[in-house]
Amino acid sequence: MSEHPRDRFDLVPDVAAEEAFLDALNRGRLHHAWLLCGVEGSGKATFAYRAARRLLGAAPDPARGPLGASPYDPVSQLVSAQSHPDLLVLERLVEGGKQKKTISVDQARDLPGFFAKSPSQAQYRVAIIDAADDLNVNAANALLKILEEPPERGVLFLATHAPGRLLATIRSRCRRLSFPIWTPDQLETLVRNRTGAEPDDARLAADMAGGSPGAALALSSGTMQEVDALARSWVFGAAVDRAEQLAVADGFRGAEGQIRFESLMDRLIAAVKARALEAPAGQGARWAELWARLAELPDRTAAINLDRADVLAGALADIARTKAIQ
């Protein structure tokens with residue numbers, strides 16, 4: 001399981017974003033809502049927790065970046081323990097071992113009561129929504145009411161992977177910070193410094209990560225590299241070994257099985273995308289169409305509780321049919 005953003009202290013997602021936030025804070029022009037935009041895994045939630053710790057009174061630790069704080073600071077420890085009274089986090093809940101597809105309106109309705117209270121231990125009350133893309137329609141409307149009447153001494157951080165899908169009225173009431181895609185060289189350095197990985201392994205993780213530092217760190221584990229190699233062999237290699245497929249699908253049971261399924265589908269979708277980009281003229285369109293279909297599968301599987309083994313079997317059958325068309 002990858003490290004949660006609230007527990008990351010040595011990853012600086014974007015120095016420019018942190019300096020812009022600090023400049024607004026120091027000049028007394030802190031906006032009440034910040035829209036954090038970038039690809040999934042680009043450090044938006046990590047930034048939100050770093051900024052929240054500063055607003056909640058954690059002592060600065062410049063060695064850890066502009067918004068750095070020590071993990072041993074009392075504020076940091078309360079945030080990591082999810083027990084700071086002046087911090088509210090909205091994210092998809094996990095019930096019965098399954099993560100819900102959306103952030104519900106009931107969760108969003110906690111915001112008015114939270115911001116109606118004065119800060120108890122800090123100068124501010126802070127809410128993090130990770131990610132705003134997960135808000136259902138009613139939850140988004142409940143959030144809008146808060147944005148229309150900004151809370152005194154309150155700050156919201158909204159992480160979003162696709163800002164264009166949010167209500168325009170939400171976007172217009174936030175200050176936007178964009179988190180850039182990292183270069184392969186930056187990702188390789190990050191992986192080597194954070195994990196001690198060998199150069200070849202670090203480079204492989206960097207190349208697979210699609211510009212996302214979070215993905216690069218997750219992929220740097222030997223397990224994830226094995227998953228990526230398996231997915232690529234199924235997409236670029238010969239026919240899939242049926243026994244191997246069944247053995248993999250056998251590990252899809254329970255909460256841990258959901259993580260295995262999502263990891264495999266992520267790498268399988270990435271491999272199909274790579275084949276679409278590398279395909280000769282006349283074949284790329286078929287692989288691109290398959291990529292678009294497969295990209296919807298993980299969410300659909302979770303939403304209507306499809307059998308994961310059947311979903312994998314269907315995806316592999318689609319891949320085999322696409323290979324067979326010359």
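This briefing describes a strand, a helix, charged pairs and cysteines in one structure.

The structure is a predicted model, in which local features need pLDDT of at least 70 and side-chain atom pairs count only at pLDDT 80 or more, while totals for chains, interfaces and linings use all residues. Residues are numbered from 1 along each chain as its sequence is written, and side-chain values use heavy atoms, with hydrogens and water left out. Helices (H or I, at least four residues) and strands (E, at least two) are DSSP runs, numbered from the N terminus. Buried means under 20% relative accessible area and exposed means over 50%, with partly exposed in between (1.4 Å probe, protein chains only).

- Strand 1, which covers residues 33–37, is mostly covered, since five of its five residues are buried.
- In a regular strand the side chains alternate between the two faces of the sheet.
- In strand 1, A33, L35 and C37 point one way while W34 and L36 point the other way, and all are buried.
- Two strands pair if DSSP finds at least two bridges between them.
- Strand 1 runs parallel to strand 6 (residues 154–160), with five bridges joining the two, and within strand 6 the bridge partner of C37 is T160.
- Strand 1 also runs parallel to strand 7 (residues 175–178), with four bridges joining them, and within strand 7 the bridge partner of W34 is R175.

**Helix 1**

- The twelve residues of helix 1 should span 16 Å at 1.5 Å a residue, and the end C-alpha atoms are 16 Å apart, which agrees; the expected span is 1.5 Å times one less than the number of residues.
- The buried residues of helix 1 are A17, E18, F21, L22 and A24.
- Seen down the axis of helix 1, these buried residues fall within an arc of 160 degrees, so they line one face of the helix; the arc is that of the directions from the helix axis to the C-beta atoms.
- The cover over the buried residues of helix 1 includes strand 1, helix 2, strand 6 and strand 7, where contact means heavy atoms within 4.5 Å.
- After helix 1 comes G28, whose phi is positive, near 70 degrees.

**Salt bridges**

- Side chains of opposite charge can pair when their charged atoms come close.
- The structure holds 14 salt bridges, each being a side-chain nitrogen of Lys or Arg within 4 Å of a carboxyl oxygen of Asp or Glu.
- One of them joins E18 and R50, whose closest N and O atoms are 2.5 Å apart; this pair links distant parts of the chain, with E18 in helix 1 (residues 15–26) and R50 in helix 2 (residues 44–55), 32 residues apart.
- E18 is buried, with a relative accessible area of 0%, and R50 is buried at 1%.
- R27 and D23 also meet in a salt bridge, at 3.0 Å from N to O, but R27 is partly exposed at 47% relative accessible area and D23 is partly exposed at 37%.
- D228 and R267 form a salt bridge at 2.9 Å from N to O, linking helix 11 (residues 222–236) to helix 13 (residues 254–278) across 39 residues, and both D228 and R267 are buried.
- A network of salt bridges links D185, E188, R203 and D207.

**Cysteines**

- The count of disulfides comes to zero, a disulfide being a pair of cysteine sulfur atoms within 2.5 Å.
- The cysteine sulfur closest to that of C37 is in C174, 8.8 Å away, which is too far for a bond.
- C37 counts as buried at 4% relative accessibility, and C174 counts as buried at 11%.
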